[in-house]
Amino acid sequence: MRYAARVDSNHKEIADGLRERGYSVLSLARLGFDAPDLLVGTGTHNVLLEVKAKGGKLSPGQKEFFALWRGPKGVVRSIEEALEIVLSFK
């Protein structure tokens, strides 16, 4: 389990893109402990997003987190993927 994490190169682009479209976005990247990178508020739901660069894969701890978490969540590599996941929970 990692206690502090670096952010992927597309983290800011995805977070900013969601904010530009009116979503609330809180970066959880510094939290570590295999928690997802972004908490996105849609107005009706909160969605957890793990941001990965192209070709990036979930760590074993992240896989376990995603398997156990019962709320809305997803893994994204682009703003388009982030919007697709966020909009699926509206």
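By salt bridge I mean a side-chain nitrogen of Lys or Arg within 4 Å of a carboxyl oxygen of Asp or Glu. Before I go on, this is a predicted model: local features need pLDDT of at least 70, side-chain atom pairs count only at pLDDT 80 or more, and totals for chains, interfaces and linings use all residues. Residues are numbered from 1 along each chain as its sequence is written, and side-chain values use heavy atoms, with hydrogens and water left out.

Back to that pair. Asp16 and Arg19 are three residues apart in helix α1, so about one helical turn separates them. When I say helix or strand, those are DSSP runs, H or I over at least four residues for helices and E over at least two for strands, numbered from the N terminus. Asp16 has another partner too: the side chains of Lys12 and Asp16 meet in a salt bridge at 2.5 Å, N to O. Lys12 and Asp16 both sit in α1, residues 11-20, and they're four residues apart, again about one turn.

The cut-offs are under 20% relative accessible area for buried, over 50% for exposed, and partly exposed in between, with a 1.4 Å probe and protein chains only.

The count comes to three salt bridges. One of them is Glu50 with Lys52, closest N and O atoms 3.6 Å apart. Glu50 is buried, at 2%, and Lys52 is buried as well, at 10%.

What is the order of its strands? It's an open sheet of four, running β1-β2-β3-β4, with mixed pairing. Strands count as paired if DSSP finds at least two bridges between them. β1 and β4, the latter being residues 73-76, stand at the edges with a single partner strand each, so one side of each has no neighbour in the sheet. Neighbouring strands are turned by 25 degrees against each other on average, ignoring direction. For angles, axes are lines fitted to C-alpha atoms, for helices over the stretch in contact, and the values run from 0 to 180 degrees between N-to-C directions.

Inside the sheet, β2 and β3, residues 46-51, pair antiparallel over four bridges. Val40 stands opposite Val47 in β3. Helix α3, residues 79-87, packs on the sheet and touches β2, β3 and β4, and its direction makes about 170 degrees with that of β4. Contact here means heavy atoms within 4.5 Å.

So which residues of α3 are buried? They're Ile79, Ala82, Leu83, Ile85 and Val86. These cover an arc of only 165 degrees around the axis, which puts them on the same side of α3; the arc is that of the directions from the helix axis to the C-beta atoms. The buried residues of α3 pack against α1, β2, β3 and β4. On the other side of α3, Glu80 and Glu84 are exposed.

Most residues other than glycine have a negative phi. Phe33, in the loop between β1 and β2, has a positive phi near 55 degrees. Asp34 has a positive phi too, about 65 degrees, although it is not a glycine. Asp34 lies in the loop between β1, residues 24-27, and β2, residues 38-41. Phe33 is partly exposed at 45%, whereas Asp34 is buried at 14%. The side chain of Asp34 also has a polar contact of 3.5 Å with that of Ser59. A polar contact is a pair of N or O atoms within 3.5 Å; within protein, one must be able to donate a hydrogen and the other to accept it, and residues adjacent in sequence count only if both atoms are side-chain atoms.
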